[in-house]
Amino acid sequence: MKKINQISLVSLLCLATLPALAQQKPSLHSEMLHTAQPDYPVAYTTPKVEEVTQVLNRIHKYLDAVTPMKVISNTTKKEITDFSKIDTSAVVERGTFSLTSYEWGVTYSGMLAASEATGDERFNDYARKRMTFLAEKVPYFKEVLKQNPSSKGLRQVIMPHALDDCGAVCSAMIKATRGNVVKTDLRPLIDNYMNYISTKEFRFTDGTLARNRPQANTLWLDDLFMGVPALAQMGKLTGDNRYFDDAVKQVSQFSKRMFNHQKNVFMHGWVADMETHPEFHWGRANGWAILTMVELLDVLPENHAGRAEVLTLLKAHAKGLASYQTGSGFWHQLLDRPDSYLETSATAIYAYSFARAINNGWLDAKAYGPATLLAWNAVATKVNAGGQVEGVCVGTGMGFDPAFYYYRPINVLAAHGYGPVLLAGAEMLKLMKSGKYSMNDSALQYNK
């Protein structure tokens with residue numbers, strides 16, 4: 001009883017002092033707590049133009065050094081300079097990355113965008129030299145292929161056998177042609193690529209671009225990007241509406257099968273004879289999807305009947321993607337699985353696509369601008385001093401279990417990160433030139 005009384009007395013004394021404490025003026029420290037700098041994992045501010053430019057320059061320097069333009073004899077391992085004689089073992093020297101892969105199609109587009117945004121002709125020069133090299137060497141390698149049908153020298157360019165061989169490189173070549181970046185005639189290569197996309201790639205009976213792997217009659221979300229931007233660019237180059245119509249049809253028919261309207265993101269794969277589809281919302285595939293819509297809207301005529309549908313889907317997808325962005329600015333390998341790792345290439349594609357959509361008035365700058373700046377700041381931390389892009393998932397097929405996606409390796413030699421980071425940096429420079437982003441009450445805001 002004595003102990004209870006002592007506790008009660010202490011309680012009464014504390015209560016008696018509360019009014020006095022409440023009347024005390026707060027210290028300067030407590031007044032300023034709301035402005036204290038949080039321990040953000042990446043920079044939480046508007047990036048500087050020179051900082052973004054430095055990132056782009058580091059990537060250019062690295063890639064220019066590791067992607068040579070040489071033809072070598074696979075027999076002697078020496079460079080071939082006399083093309084009047086056919087060496088049936090001739091191949092293009094393989095640098096760190098392939099000059100003809102779809103990842104490098106994205107990289108060429110990124111270089112073109114970086115040149116436009118910075119005014120630095122070195123970026124254009126990178127794409128120009130390599131596209132010119134390919135165009136000039138294709139006739140030689142056609143002769144090599146005639147004499148040696150098993151030759152792999154530029155086979156991917158001469159005899160494409162998948163959308164991966166065609167779309168991204170073709171799209172970049174059309175952009176370079178439209179922008180008068182390349183003086184060499186790229187049209188033979190462009191027409192060959194487009195012939196494959198339009199007439200040779202496997203399609204469903206309704207015309208949807210599809211594959212027969214890993215299962216028969218399969219849709220890969222990736223194939224939106226492997227086919228649609230090239231179709232759209234060809235429509236712009238030729239003025240032929242058939243290309244635009246096909247491009248819009250692909251977006252519409254993929255989304256009807258693969259877009260989750262509750263989560264506002266896409267599943268990675270869809271198989272015709274599967275009653276139940278395990279939904280794995282893979283980050284980079286969703287990146288290819290939103291990038292496809294941005295690329296299509298860039299050139300699709302304003303009066304095209306399908307434009308409203310594409311724009312509506314873009315807005316829904318952006319809303320879904322934004323809801324899964326992490327506090328570090330990155331997105332996860334599987335968007336809705338927070339225990340999967342943070343992945344750079346998807347984050348870079350979203351940064352570019354959001355920025356491009358804002359700059360074109362398709363997305364609300366107030367709603368999406370801060371998330372875009374945060375995404376770029378995250379991506380910038382993954383470009384190391386040597387210009388390599390870290391944290392990028394390697395090439396990935398389609399799986400039907402989570403382990404497949406969770407444990408895909410990451411590596412600086414995964415080519416998928418370079419083009420997206422170049423695109424993102426270039427578009428960020430345009431976004432930042434608006435000068436309308438600032439810190440307001442410690443938060444990033446868009447101010448009209």
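Which residues in helix 3 meet which residues in helix 16? Val49, Val52, Thr53, Val55, Leu56, Ile59, Tyr62 and Leu63 in helix 3 meet Tyr418, Val421, Leu422, Gly425, Ala426, Leu429 and Met432 in helix 16, where contact means heavy atoms within 4.5 Å. This is a predicted model, in which local features need pLDDT of at least 70 and side-chain atom pairs count only at pLDDT 80 or more, while totals for chains, interfaces and linings use all residues. Residues are numbered from 1 along each chain as its sequence is written, and side-chain values use heavy atoms, with hydrogens and water left out.

Two packed helices are described by the angle between their axes and the distance between the axes. Helix 3 (residues 49–66) and helix 16 (residues 418–432) have axes that come within 10 Å and cross at roughly 155 degrees. Helix 3 is therefore roughly antiparallel to helix 16; angles under 35 degrees count as roughly parallel, over 145 as roughly antiparallel, 65 to 115 as roughly perpendicular and the rest as oblique. Axes are lines fitted to C-alpha atoms, for helices over the stretch in contact, and angles run from 0 to 180 degrees between N-to-C directions. Helices (H or I, at least four residues) and strands (E, at least two) are DSSP runs, numbered from the N terminus.

The axes of helix 12 (residues 307–323) and helix 13 (residues 344–359) come within 12 Å, crossing at roughly 135 degrees. These two helices are therefore oblique to each other. On the side of helix 12, the contact is made by Leu314, Ala318, Leu321 and Ala322; helix 13 contributes Tyr350, Phe354 and Ala357.

A search of the whole structure finds 22 aromatic pairs, counted for rings of Phe, Tyr and Trp (its six-membered ring) whose centres lie within 6.5 Å, with planes under 30 degrees apart stacked, over 60 edge-to-face and the rest tilted. Among them, Trp331 and Phe354 form an edge-to-face pair, 6.2 Å centre to centre with 90 degrees between the planes. This pair links distant parts of the chain, since Trp331 lies in strand 7 (residues 331–332) and Phe354 in helix 13, 23 residues apart. Trp331 is buried, with a relative accessible area of 0%, and Phe354 counts as buried at 1%; buried means under 20% relative accessible area, exposed over 50% and partly exposed in between (1.4 Å probe, protein chains only).

Tyr62, Phe97, Trp104 and Tyr418 form one aromatic cluster. Tyr62 and Tyr418 also take part in the contact of helix 3 with helix 16.
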